[in-house]
Amino acid sequence: MRPRKGIHLEDIIESLRRYEPEADVECLLKAYAFASKAHGGQVRLSGQAYMSHPMEVALILTTFKMPPEVLTTALLHDTVEDTETTVTEIEANFGKEVAHMVEGLTKIAKIKFRSREERQAENVRKMILALSEDIRIVVIKLADRLHNMRTLEYLMPERQKAISEETLDIYAPIANRLGIFWLRRELEDLSFKYVHPVEYGKLIKLTKEYKEEAESLIHLICKRVKEGLLKERIAAEVSGRTKGLYAIYTKMVDQNLDFDQIYDIIGIRVMTKSVVGCYGALGIVHSLWKPIHGKLKDYIALPKENMYQSLHTTVLMNTGQRVEFQLRTQQMHIVSEEGFAAHWHYKEGGSPPVDDNKSLFWVRRLIDLGKDLDNSEEFLENVKVDLFPDEVYVFTPQQEVKAFPRGATPIDFAYAVHTEIGDHCVGALVNSKEVRLDYILENGDVVEAITVDTQQPNKDWLKIAKTSHARSKIISNIRTRERADAVRLGQEIIEAELLKYSFPPEKYFTVPALEEAAKAFGCKTSDILLQRVGFQRIPLHSLLQRLLPAKEFKSLEAAKKRPLKSIMRRLSWRRPKESVGVRVSAGDNMLINLAICCNPIPGDGIAGYASGEKGLVIHCRSCPTLKDMEPNLEKFVDAQWEENGKKRLYHASIMVHSRNRPWILANISTAIAHCKANIYDAVVSPTDNRSGRLKLTVEVENLPHLKKMLDAVKKVDGVKSAVRLMEKVTVKE
């Protein structure tokens with residue numbers, strides 16, 4: 001629907017009554033009078049009275065067959081933002097429902113941001129949250145943006161470009177996701193004019209030159225298709241048109257083509273009365289022209305997430321011209337034009353929640369994403385995956401269809417099934433064949449996730465996860481574990497520092513003292529304070545000043561200035577409550593930790609290395625990191641494993657090289673389990689198409705236990721080697 005000059009309220013009422021003949025228009029009359037008074041004296045840059053804008057927005061909304069309360073909101077949508085009107089006044093005059101929608105629109109409009117990227121991200125986030133509460137708010141916003149784009153010529157060039165870029169980044173993709181394709185096309189073409197004015201001008205000229213030839217070809221194709229349909233007694237409407245300007249431009253850019261090389265500018269639409277008629281019409285089209293391999297897409301059997309259904313096929317004319325056909329029923333056509341509005345069922349007092357409509361499942365994913373990602377630009381980067389989909393469809397073993405963007409992997413599939421499945425995924429069975437986590441899913445794949453309870457997400461997964469849903473869940477899991485580790489580390493650092501200067505933690509490191517310190521540092525909880533200490537974001541010196549009384553803190557400051565007699569004296573503080581099963585020649589009152597580079601276990605020859613912050617760190621004598629420390633001989637301490645000590649499990653790292661065999665991961669896991677060992681962490685990476693490597697952190701009792709487990713893994717069919725890992729790390733003092 002194009003704007004018209006001199007729009008009147010009667011135009012809106014007339015359009016409304018075409019689909020709701022008995023509609024009560026009293027609210028529209030009242031809203032028009034209220035808004036006219038509120039906007040009195042305001043003029044748009046075009047010179048028209050300001051009320052022309054909300055009236056045009058309301059008229060556009062009649063295209064979606066919106067009910068009177070939505071049209072009322074459209075008439076009022078700028079009153080709170082641009083006049084002295086309050087939401088309370090709107091509610092008093094028009095009720096809670098209209099006030100709720102006006103307030104939602106005002107919240108979106110009032111956000112101010114530091115950068116274009118942040119504005120995009122927060123606008124998307126706000127619109128997605130508005131969708132979760134009431135989808136009508138976003139529809140009004142889309143109509144508002146459409147009219148603003150239609151009248152953009154009155155703004156300065158820099159504003160024209162900025163608004164058009166935002167429209168391409170946000171509003172056109174959301175229109176597409178809601179299935180309103182005519183709106184997406186118009187928003188794209190209007191934006192194209194201002195974002196790429198030179199290219200737009202060239203395409204306008206080229207398409208005008210091609211117009212007569214295109215119309216002649218469309219007429220000829222439609223005539224032949226109608227004759228074929230009539231012969232087979234299939235009732236249908238046939239029409240054609242050319243691609244949108246922006247769609248042509250993006251194809252030229254993406255595929256590095258000239259205009260003369262775009263062979264599918266023409267599109268033909270066939271609308272039948274039944275699904276059977278669609279497939280019958282497809283057969284007729286393929287009998288008239290040769291179909292191009294790989295260009296047949298059945299969105300009737302596998303609808304898109306935005307409810308779109310059609311058969312798509314591209315055929316080759318005798319002239320070499322490519323023509324795309326879209327075959328659909330009349331009801332499918334209504335959905336493709338109106339999108340979600342074709343399924344619109346609003347309840348008295350409000351719209352149905354998002355969860356009631358499976359077609360808007362993508363909205364729920366984006367809402368979850370907004371909760372998991374704090375950074376606006378990170379949110380926008382991930383959300384664009386969902387707004388610009390090139391979808392692939394796979395099946396679960398129960399034949400449930402799952403839609404993903406192109407390039408999606410088993411990780412994306414696992415998280416789509418359930419977060420727990422995703423967190424513990426180590427691979428997948430695709431068409432009954434075991435594949436790695438980086439396998440690219442293809443249309444028609446039957447996929448089943450393989451899980452191991454001890455598996456946990458790691459940062460490498462972010463390189464292969466495609467969907468924003470999977471990425472947000474991976475980030476959330478990693479951050480949760482990092483925060484928990486940081487809390488423990490922060491606590492250890494504080495206790496170690498207190499003990500280092502003979503201040504008993506049970507006296508000074510108390511819950512009340514920690515809570516007071518948290519408030520002083522602006523932390524909501526003591527755990528957040530400990531996290532920041534663990535992440536080294538709060539100076540330990542400043543924290544101790546809060547924990548210790550002034551006298552004790554002064555003595556600590558004095559002690560720091562005095563030279564210590566030996567490094568062993570600096571390490572003479574009490575060991576942690578849980579022993580690591582090691583005794584040292586220097587005494588029993590030390591903080592002792594096991595090195596993470598070599599993960600020593602009972603049975604290994606070991607030595608202690610005195611570290612200023614970590615206490616005494618126990619390494620395997622064969623550890624490559626320890627060998628780099630040999631010049632500092634004064635820091636070495638003899639250490640032995642405790643005999644008859646408390647039974648406990650130790651971490652050890654192993655590397656397994658294997659062939660790409662079905663069930664190889666499951667078989668390795670089973671072999672480890674049979675040895676009564678546990679997998680703590682696992683990272684799978686490919687080496688080539690026929691093999692891969694698996695880095696595992698396992699929990700074992702001692703060296704013989706580890707050797708037994710390695711022998712069992714080596715016997716698994718397909719395993720080339722299994723060895724223990726000791727990694728070299730840089731030690732900072």
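## Helix H13

In helix H13 (residues 245-254), the buried residues are Leu245, Tyr246, Ile248, Tyr249, Lys251 and Met252. Buried means under 20% relative accessible area, exposed over 50%, and partly exposed in between (1.4 Å probe, protein chains only). Helices (H or I, at least four residues) and strands (E, at least two) are DSSP runs, numbered from the N terminus. An α-helix has 3.6 residues a turn, so residues three or four places apart point the same way.

Contact here means heavy atoms within 4.5 Å. Just after H13, Asn256 adopts a positive phi of about 55°.

## Model and confidence

This is a predicted model, in which local features need pLDDT of at least 70, side-chain atom pairs count only at pLDDT 80 or more, and totals for chains, interfaces and linings use all residues. Residues are numbered from 1 along each chain as its sequence is written, and side-chain values use heavy atoms, with hydrogens and water left out.

pLDDT is the predictor's confidence in each residue, from 0 to 100. The protein chain averages 81, and 81% of its residues score at least 70. Where pLDDT is low, the predicted coordinates should not be read in detail.

## Overall make-up

The protein chain has 29 helices and 20 strands. Of its 733 residues, 50% count as buried. Among contacts with a separation of 6 or more, 66% link residues 24 or more positions apart.

## Nonpolar cores

A nonpolar core is a set of buried Ala, Val, Leu, Ile, Met, Phe, Trp, Tyr and Cys residues joined through side-chain atoms within 4.5 Å. The largest has 57 residues, of which Leu61, Phe64, Leu76, Ile90 and Leu183 touch the most other members. Helix H9 (residues 135-150) gives the most to this core, with 9 residues. Leaving aside neighbours within four places in sequence, Leu183 is in contact with Phe64, Leu142, Leu146 and Ala175. Another core lies apart from it, with 41 residues, including Val580, Ala610, Ala671 and Ala682.

Thr73 lies in helix H4 (residues 68-76). Its relative accessibility is 0%, so Thr73 counts as buried. Residues up to four places away aside, Thr73 touches Val98, Met101, Val102, Leu105 and Ile140.

## A buried aspartate

Asp445 sits in the loop between strand S10 (433-435) and strand S11 (447-451). Asp445 is buried yet has no salt bridge. A salt bridge is a side-chain nitrogen of Lys or Arg within 4 Å of a carboxyl oxygen of Asp or Glu. The nearest side chain of opposite charge is Arg406, 9.0 Å away. For charge, Lys and Arg count as positive and Asp and Glu as negative; His and the chain ends are not counted.

The side chain of Asp445 does reach the backbone nitrogen of Glu442, at 2.8 Å. Beyond four places in sequence, Asp445 is in contact with Tyr393, Val394, Phe395, Val430, Asn431 and Tyr439.

## Positive phi in loops

Most residues other than glycine have a negative phi, and most peptide bonds are trans. Asn599 has a positive phi, near 45°. This residue is in the loop between strand S13 (592-594) and strand S14 (606-611). Asn599 counts as buried because its relative accessibility is 14%.

Lys676 is not a glycine either, but has a positive phi of about 60°. The loop holding Lys676 runs between helix H28 (664-674) and strand S18 (678-688). Its relative accessible area is 73%, so Lys676 is exposed.

## Pairs apart in sequence

Gly280 lies in helix H14. At 27% relative accessibility, Gly280 counts as partly exposed. Its C-alpha is 7.7 Å from that of Ile234, 46 residues apart along the chain.

Asn318 is in the loop between strand S5 (311-316) and strand S6 (322-329). Asn318 is exposed because its relative accessibility is 75%. Asn318 and Lys290 are 28 residues apart in sequence and 8.9 Å apart in space, C-alpha to C-alpha.

Terms used
Polar contact = N/O pair within 3.5 Å; in protein donor to acceptor, adjacent residues only side chain to side chain.
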